[in-house]
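Here is a short briefing to read alongside the model. Keep the viewer open and follow the residues as they come up.

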Amino acid sequence: MEWWPEFRDRMIKRDNFTCLDCGYTTLSNQKETGRTWAEERTWTLHHIVPISKGGPMWDEDNVETLCERCHRFKHRMRSLEPTMESKQEFLDRYLQGGKQ
């Protein structure tokens, strides 16, 4: 079985060292700056369906390469997503005419 570092590196190479959110790529920047990709930004793999919600850890279709900046942002946004309970509470209040 493949270990995480090898899987991670293979997926980052699959995505051409490109953040699939912002489009940042170190291949073009390396030519301009002479620095290697590791010196530019740290690459991370993001699980599209979180492992905690049943997403498969090793499924190539469930991971995407992100730069560290976009990965942090994506997780911040996910933590702000309304839960089903909060959506239901909002709907209940709305149906009751906005009363608490």
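Predicted model: local features only at pLDDT ≥ 70, side-chain atom pairs only at ≥ 80, totals over all residues.

Residues are numbered from 1 along each chain as its sequence is written, and side-chain values use heavy atoms, with hydrogens and water left out.

**Confidence**

- The protein has an average pLDDT of 78, and 67% of the residues reach at least 70; pLDDT is the predictor's confidence in each residue, from 0 to 100.
- Confidence is highest in β2, at 94, and lowest in helix α3 (residues 37-40), at a mean of 50.
- Helices (H or I, at least four residues) and strands (E, at least two) are DSSP runs, numbered from the N terminus.

**Aromatic pairs**

- The whole structure holds four aromatic pairs; rings of Phe, Tyr and Trp (its six-membered ring) pair if their centres lie within 6.5 Å, and planes under 30 degrees apart count as stacked, over 60 as edge-to-face and the rest as tilted.
- In one of them, Trp 4 and Phe 7 have ring centres 5.5 Å apart and planes at 45 degrees, so this pair is tilted.
- Both Trp 4 and Phe 7 belong to helix α1 (residues 4-14), three residues apart, or about one turn of the helix.
- Phe 7 is buried at 1% relative accessible area, whereas Trp 4 is partly exposed at 25% (buried is under 20%, exposed over 50%, partly exposed in between, with a 1.4 Å probe and protein chains only).
- Phe 7 also pairs with Trp 58: their ring centres are 5.3 Å apart and their planes at 70 degrees, so the pair is edge-to-face.
- That pair links distant parts of the chain, since Phe 7 is in helix α1 and Trp 58 is in the loop between β1 (43-47) and β2 (63-67), 51 residues away.
- Trp 58 is partly exposed, at 33%, and together Trp 4, Phe 7 and Trp 58 make one aromatic cluster.

**Nonpolar core**

- The largest nonpolar core has 12 residues, including Phe 7, Trp 43 and Leu 66; such a core is a set of buried Ala, Val, Leu, Ile, Met, Phe, Trp, Tyr and Cys residues joined through side-chain atoms within 4.5 Å.
- At least two residues of this core come from each of α1, β1 and β2.

**A buried asparagine**

- Asn 62 sits in the loop between β1 and β2 and is buried, at 5% relative accessible area.
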